[in-house]
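Please keep the sequence and the model in view while working through the numbered points.

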Amino acid sequence: MSESVKNENVKITLKDGSILETPKGTTVFEVAKQISEGLARNAAVGKINGEIADLRDEILTDCELSILTLKDEEGLSTLRHTVSHILAYAVQNLYKGVKFSIGPSTKDGFYYDIDFGDITVTSEMLNDIYAEMKRLIKENHKIERYYSTREEALKYFTEKGETYKVELVNAIPENEKISFYKMGDFTDLCAGPHLLSIGSVKAFKLLSVTGAYFRGDSKNKMLTRIYGTAFSKQSELDEYLTMLEEAKKRDHRKLGKELGLFALRDEAPGMPFFLPKGMILRNTLIDYWHEVHNKWNYLEISTPQIMRRSLWETSGHWEHYHDDMYTTVIDGEDFAIKPMNCPGSILVYELDPHSYKELPLRYGELGRVHRNELSGALHGLFRVRCFTQDDAHILLAPEQIKDEVVRITKLFDEVYSLFKLPYKIELSTMPEDHIGSEKDWEIATKALADAITGVGKTYTINEGDGAFYGPKLDFHIKDSLGRTWQCGTIQLDYQLPGRFNLEYTGSDGEKHTPVMIHRVVFGSVERFIGVITEHFAGAFPTWLSPEQVRILPVSDKFKDYAESVNKRFKELKIRSSCDNRPEKIGFKIRDARLQKVPYILVVGEKETGNKTVSVRTRKDGDIGEVSLEKFIADILEDINTKRV
RNA sequence: GCUGAUGUGGCUCAAUGGCAGAGCAGCUCAUUCGUAAUGAGCAGGUUGUCGGUUCGAUUCCGACCAUCAGCUCCA
């Protein structure tokens with residue numbers, strides 16, 4: 001590599017802003033080594049001009065360089081990527097005749113897709129593979145990078161019978177270099193970057209084996225995918241594994257059953273039943289939604305479940321969304337059960353002529369939609385076929401977009417903050433299957449980006465993931481276990497209003513076509529309930545708890561006092577109940593604790609005499625005797641401030 | 001939809017080519033109790049559905065349905 005050096009001075013701006021000048025012919029890697037021997041030895045990875053790169057053979061002038069450690073997000077993904085190659089190396093050593101596909105890092109770890117031929121991979125085999133990986137790491141193989149021509153690469157993989165790799169080489173665009181990484185006897189096609197050597201891998205685990213299609217296409221052969229994860233330190237790996245266990249305990253499907261929130265039945269796959277307690281939670285959430293949307297000047301509407309085919313043809317859904325729609329025939333004509341609420345809102349807008357003075361016009365709708373999701377994709381409340389979008393369709397003038405998106409972002413912030421859910425914003429751009437001109441898409445995409453930058457937030461770009469009618473902003477919230485969920489979206493739509501010939505009269509007296517914004521905060525009420533169930537581990541904040549207080553008389557003798565307290569709570573609209581069963585107090589407490597009731601009140605002789613209650617909170621346990629009035633003041637404050 | 005696994009009282013889980021079992025929950029009785037399980041008894045099942053093999057199927061085979069882990073898709 002060094003013989004190809006022909007650049008002038010290397011002038012590098014470091015992460016901290018300082019500038020480093022080095023003599024002619026220095027590679028970035030050498031600079032990196034100078035800056036921090038330790039870090040560079042492990043990672044050999046940095047960001048050059050903002051792009052993540054393998055530093056070992058990059059020669060650049062005037063670049064900005066930041067060296068990554070294994071703790072940085074990108075450094076960690078490099079580590080995981082390398083571990084996936086070690087996995088493949090171990091498999092190559094242990095099993096003959098296997099063929100390799102790809103082995104990338106993912107958000108939480110890595111995987112490698114391997115064609116094991118007729119062999120079924122068992123968990124014992126995972127143990128063997130793990131042991132072999134450990135052995136290889138101990139041998140601390142160096143990782144070397146080199147390039148080859150397309151012909152050489154094809155020849156190499158064809159001779160080895162690596163048919164998947166041949167396909168992968170063929171898929172590499174003409175102008176890109178074909179790069180290989182070699183560790184010991186294992187050579188793999190890979191764009192990198194990778195660690196310098198594998199000895200620095202300290203903590204990894206193989207997690208599961210599943211099937212996955214080559215290149216994600218179900219027409220291709222199903223390969224064996226081995227999942228694993230890796231961290232820079234053992235303690236971080238342990239923490240992650242603990243988190244996985246905790247997540248299992250919090251599974252909303254399990255909690256939903258235990259707490260009596262919702263149920264799924266074979267008779268309606270993917271269409272949840274809400275049970276009395278789940279209904280209280282749901283209605284409380286919806287009451288809050290009304291409160292917020294009232295405050296931000298939304299007008300609530302409700303539109304029909306089933307509408308005529310012609311409507312969906314005009315909207316484009318009949319053509320672009322048909323596979324996901326349930327259809328029916330009424331009086332010999334085709335109808336569709338709505339998969340989206342937007343066409344309904346448009347019909348409402350069409351009822352009257354509109355002036356620019358009315359805009360932005362914000363229609364809110366808790367619209368129940370049905371989508372024919374793949375049976376294999378159904379999952380509790382997270383992926384269902386029938387759900388309620390907390391939808392809104394905003395019609396406005398193009399020049400109002402930025403301000404309106406800013407307003408929506410503020411509303412979102414208010415809602416997510418209430419649940420203590422931090423979030424990240426993602427901007428999705430034009431997909432292949434789209435309607436409208438590229439020019440319109442460009443304008444729309446820029447408007448969204450500008451609004452977010454305008455409120456001082458940042459976003460990442462998700463190329464080609466927009467809806468078919470426009471670009472969108474997705475809000476990914478992060479729960480208490482650090483998992484992310486896509487909830488809110490703001491979709492800009494220059495297409496639908498035009499398709500329906502919507503108009504408003506401008507200040508110039510001329511007719512103009514409004515722009516439409518589709519947006520949801522919760523995303524789906526059902527899924528949001530699933531998310532917060534896991535986020536709070538079923539211990540909902542008092543304002544959301546289906547049962548806020550449970551009163552436990554110590555024995556039958558104190559039932560009357562318990563009931564009088566209960567009656568008082570009911571008058572104050574506090575959700576309470578009395579556990580009058582002839583059981584011991586310990587038993588009743590256990591039961592109330594398992595149901596995650598935020599306040600448990602024990603009443604016996606003392607409390608009856610003093611007009612007090614003995615309070616046991618979900619959070620702090622037994623906090624002793626408190627006057628009834630004081631308790632009422634406290635719980636009302638908890639509820640009214642929606643304390644989390 | 002695809003690949004693989006699973007399906008046994010309300011729940012969690014045993015067992016078996018020959019009468020299906022436990023714990024919890026439920027019901028009854030006794031206990032009236034002070035901060036995470038009082039005791040005794042009773043009841044509860046066409047083993048997901050349909051078909052096949054068999055003297056006999058819950059067990060073996062097939063189809064279907066659902067669920068789970070993924071792929072894919074997405075709120």
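1. Does Ala 537 count as buried, exposed or partly exposed? The model under discussion is predicted, and the answer for this residue comes from its neighbours. Ala 537 has 17 C-beta neighbours inside 10 Å, and therefore it counts as partly exposed; a buried residue would need 20 or more, and an exposed one 12 or fewer. Ala 537 is found in the loop between α16 and β28 (549-553). Its phi is near 55°, a positive value in a residue other than glycine.

2. Lys 611 is exposed, because 12 other C-beta atoms lie within 10 Å. As background, most residues other than glycine have a negative phi, and most peptide bonds are trans.

3. Leu 359 and Pro 360 are joined by a cis peptide bond, with omega about -5°. Pro 360 belongs to the loop between α12 (342-350) and β19 (361-370).

4. The overall architecture may now be described. Chain A contains 20 helices and 32 strands. Its domain assignment gives domain 1 (2-67), domain 2 (73-246), domain 3 (260-304 + 339-535) and domain 4 (549-640). The C-alpha centres of domain 2 and domain 4 are 57 Å apart. Of the 644 residues in chain A, 36% are buried. Among contacts in chain A with a separation of 6 or more, 67% are between residues 24 or more positions apart.

5. The interior comes next. In soluble globular proteins, nonpolar side chains tend to be buried together. In this model, the largest nonpolar core has 57 residues, and Leu 448, Cys 487 and Phe 528 have the most contacts inside it. The largest share of this core, 6 residues, is supplied by β27. Apart from it lies another core, of 38 residues, which includes Ile 129, Met 183, Leu 223 and Tyr 227.

6. Which residues does Cys 487 contact, leaving aside its neighbours within four places in sequence? They are Phe 475, Ile 477, Phe 522, Gly 523, Phe 528 and Val 531.

7. The surroundings of RNA strand B form a separate topic. Elements that give two or more residues to the surface near RNA strand B include β11 (203-213), β12 (222-231), α16 (525-535) and β31 (612-617). The largest share, 7 residues, comes from α18. By type, the residues of this surface divide into 20 nonpolar, 18 polar and 19 charged.

8. Gly 211 is found in strand β11. With 11 C-beta neighbours inside 10 Å, Gly 211 counts as exposed. Not counting residues up to four places away in sequence, Gly 211 touches Met 222, Thr 224 and Arg 225. The C-alpha atoms of Gly 211 and Leu 223 are separated by 5.6 Å, although these residues are 12 residues apart along the chain.

Terms used. Residues numbered from 1 in each chain as written. Chains lettered and ligands numbered in written order. Predicted model: local features only at pLDDT ≥ 70, side-chain atom pairs only at ≥ 80, totals over all residues. Helix = DSSP H or I, 4+ residues; strand = E, 2+ residues; numbered from the N terminus. Nonpolar A, V, L, I, M, F, W, Y, C, P; charged D, E, K, R; others polar. Domains from an automatic or database assignment. Contact = placed C-beta atoms within 7 Å. Core = buried A, V, L, I, M, F, W, Y, C linked by C-beta atoms within 7 Å.
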